[in-house]
Amino acid sequence: MTDDSIAKLSGPEQSLEFDKAAADQLRHRLELQRLTTAASTEATQVIPYLTVANATRAIEFYVSVFGATLIGEPFETDDGKITHAELRIGSVTLYLSDIFLEATASSPDATTNTAVSLVIHVADADLTMAAAQASGAVIERAVQDQWGTRAGWFVDPFGHRWSPTSHRTPTKGTFQ
Amino acid sequence: MSDFPQPQIGSDDPVDLVAFDDALPIVFGFLMRRCGHRDLAEELTSATFVSAVANRPGHSWAAPWLITIARNKLIDHWRREARAETATERLQKSRPQTTTMFVEERLEVAAVLGRLSADHQMILALRHIDDMTVPQCAEHVGRSVQATESLLRRAQETFRTEWNHRRTEAE
């Protein structure tokens, strides 16, 4: 049973001005909280720092194959070599630079084995491998099902070895 | 005060993200309407955004998601209050608050709501403001449907009495 006084409780939601000084304090507190959260996240993350023979082309490759986003502007020397660039692939951060032998920053050579390989989780390993191949990567092993995932291996045009990995799509219909 | 889009809980449609400056009055309005106490509404609004940043450290969020956090903060508050309240405290709470002067009827309603016990505030807000069914209310309140119906009837009666009392005072 409701009467007029109870009916006064219903009705559309309305926004209400927050005290300005309190809002400023809360905004400041949230900024500090974000910085603390970011610092603790970065402290537990290993960031691959790739050295490549042509950083500009490498950025284009990672953008087109992995959908990477370039964060900020790359740092460059006067002669156009990139000393540092930052890419974001999903929640993963990637740094890269051109070769600087004086800083012992060399890139892998496609004719030799690489000591470090990069495994990256993607939405669809088949699509990523196809995009990599179309952009000049050398397919080392085609995508296949393994341990509940779909994964393949390719060597990118700059000598780095990648394994795009995605969840295996369950087969519809009768389980075999 | 200004109207804002109603949260479409359960909708599959993409939801626009709202930045802090726009989200703040939405969350504050939602809480103020239900608890009727500015200090408490400010405190719970802050707690809502702290939880939001802890879960999603970005600078914007979906308004329905923020409202869900705010509602949970309020329910937690009411539950704590319901456990702590004594009869004396309820009596003190029911006295008119001279420190808060509400002009608009919406805030006047909230002020009356804020004088009730935590249990009564919770059931009236869930049933009549959030428009939940009694079984849905029962889940939040943590009582059987029958006990929730009984609580609702008592809360409605108390609200009517308080409202009429306030109207009489105003006249």
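Which residues does Phe159(B) touch, not counting residues up to four places away in sequence? Select Phe159(B) and you will find Ser5(A), Ile6(A) and Leu9(A) from chain A, along with Val109(B), Val112(B), Leu113(B), Leu116(B) and Leu124(B) from chain B. Touching, or contact, means heavy atoms within 4.5 Å.

Before moving on, a word on the model. It is predicted, so local features need pLDDT of at least 70 and side-chain atom pairs count only at pLDDT 80 or more, while totals for chains, interfaces and linings use all residues. Residues are numbered from 1 along each chain as its sequence is written, chains are lettered from A in the order in which they are written, and side-chain values use heavy atoms, with hydrogens and water left out.

**Stop 1: the core around Phe159(B)**

Phe159(B) is among the residues with the most contacts inside the largest nonpolar core, which has 56 residues. A nonpolar core here is a set of buried Ala, Val, Leu, Ile, Met, Phe, Trp, Tyr and Cys residues joined through side-chain atoms within 4.5 Å; buried means under 20% relative accessible area, exposed over 50%, and partly exposed in between (1.4 Å probe, protein chains only). Colour helix 1 of chain B (20-35): this helix gives the core its largest share, 10 residues. Helices are DSSP runs (H or I, at least four residues) and strands are E runs of at least two, numbered from the N terminus.

**Stop 2: where the chains meet**

Now show both chains. 27 residues of chain A are in contact with 41 residues of chain B. The area buried between them is about 3300 Å², and carbon and sulfur atoms give 60% of it. Pick out Leu9(A), Glu13(A) and Leu16(A): they supply 25% of the area that chain A buries against chain B, more than any other three residues. Buried area is the accessible area (1.4 Å probe) that two parts lose on being put together, summed over both.

Stay with Glu13(A), whose side chain forms a salt bridge with that of Arg34(B) (2.5 Å, N to O).

**Stop 3: Asp119(B)**

Finally, go to helix 6 of chain B and select Asp119(B). Asp119(B) is buried, with a relative accessible area of 16%, and touches Ala82(B), Arg143(B) and Leu151(B), not counting residues up to four places away in sequence.

Methods
Salt bridge = Lys/Arg side-chain N within 4 Å of Asp/Glu carboxyl O.
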